[in-house]
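This report describes strand pairing and helix packing in one model. The structure is shown first.

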Amino acid sequence: MISQWRLRAAFAARLSEMYGQEVPAYTTLVDVSREVNEDVLRDRGADAERLGSISRVTAERHGAIRVGTPRELRQVALVFAALGMYPVGFYDLREAAASAVPVVSTAFRPIDGVELARNPFRVFTSMLTPADPRFFDADLRSRLETFLAGRELFPVELLALADRAAAERELPDVDAERFLQLAVRAFELSPEPIDKVWYETLERISAVAADIGGVRSTHINHLTPRVLDIDGLYRRMTERGIEMIDTIQGPPKWQGPDVLLRQTSFRALAEPRALRTPDGSVVSGALRVRFGEVEARGIALTREGRALYDRLLTLVDQRAAHHPEADRGELARAVWDQHMPGSEQDLAARGLAYFTHRVVPDRPRDGSRPPADLGGLAEQGWVRAEPIVYEDFLPRSAAGIFQSNLSGEGMRNNDHEGTAYDAAWLSGAIGRDVLDPFALYEEQQNRSLAQVADELELDRTPR
């Protein structure tokens, strides 16, 4: 029997192999990421593994896919449920992007700490929003919804195997192999000719809309390795002649602790695609929709920490607007140095980041009783705090990556009011609860504190 986490690890590895064959620059990205990680580990030793073992970091990937309808989203959710992955977080990229990105998103990932340590594969999954009149008028919406209703992304056999794996949390090896074959095939780039006029109609609205609704299949849009030094990787990729996007999205590089998520990518490549013209003939063309992304993960921030992060981004935007000639990275570093706590201890003391706490096993015994508060326990060496890795995404960063790889701004009519979507709506569309990432991190932190109270025989959980 093949357990869910082994299915997940095998799926991630096969998807990576397939994507490397389709997009050779991705293989270069993985190779450079490995080189950078090995160098950082050699230079920094155990400190390099503060946010995850090197084996986990090396194996780590996140993918991104795009679907068109709630029905397709429910089906892909079932495929990921077979792999022990749950929808976490709601991201509205329509509001996070200045250009036309008419999608709402969630991320499917493991949620248990043990499962994340075994294999933390995630898939950022976006769904098109044809009902939003800022992007699609009534006629185009009707045509788009008809087109989407007439396609099948996932074969019945795959969904049946996925349903069984989700229910039983494992599959016999023969069925597991068949599931993996069908699942990987479902995300391959299809050679089927694309209706040139229909694709271009959607592309005028949004390149993302065309990539979702202009074809009869889905595909991996990008795969993302994790790297311990994203600035070093950016330099090395550029030196190898790979064209990178202009910026690294997310927090700046600075001397303090790494928080949340930093991302960048190489630019979308012109890939040959077969296009069907109105007279029925098939011609060769090229589309730019897929790219290679890379990420560096930091500490998960609490709601208060995230609010601070968002305020600092706004402050950077304001300073950049007043000083357009200035380097944005330098402006951001100055803002971070001024306003962001410069150590893990300060983040913890101000309740801005999540940590697990463990009793120090070899603390010298002096006959004293442990204090009741967390600060005292830490200061007197009773407990040790370990940062919780941020496992999720940032809507502004995701939109920034999407925008950086679009060929044009698209069309967005802000005279219309946008259609409302939120996590509750998405939960109903998927048929599964979209989980709150903050609640997951808080639960992980609280479990560790309860364990501390139990081991030290405290009257209450320390705070």
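## Basis and hairpin

Helices (H or I, at least four residues) and strands (E, at least two) are DSSP runs numbered from the N terminus, and two strands pair if DSSP finds at least two bridges between them. The model is predicted, with local features requiring pLDDT of at least 70 and side-chain atom pairs pLDDT 80 or more, while totals for chains, interfaces and linings use all residues. Residues are numbered from 1 along each chain as its sequence is written, and side-chain values use heavy atoms, without hydrogens and water.

Seven bridges link β10 (residues 270–276) to β11 (residues 282–288) in the antiparallel sense. Ala270 has Arg288 of β11 as its bridge partner. Five residues lie between the strands of this hairpin, and Gly280 there takes a positive phi near 95°.

## Open sheet

Five strands form an open sheet of mixed pairing, in the order β3-β4-β5-β2-β8. The edge strands β3 (86–92) and β8 (222–225) each have a single partner strand, so one side of each lacks a neighbour in the sheet. β3 and β4 (residues 103–109) run antiparallel, joined by five bridges; Pro87 is bridged to Phe108 of β4.

## Helix pair

The axes of α13 (residues 303–322) and α14 (residues 328–339) come within 9 Å and cross at roughly 135°. Axes are lines fitted to C-alpha atoms, for helices over the stretch in contact (heavy atoms within 4.5 Å), with angles from 0 to 180 degrees between N-to-C directions. The contact includes Leu308 and Tyr309 of α13 and Leu331 and Trp336 of α14.
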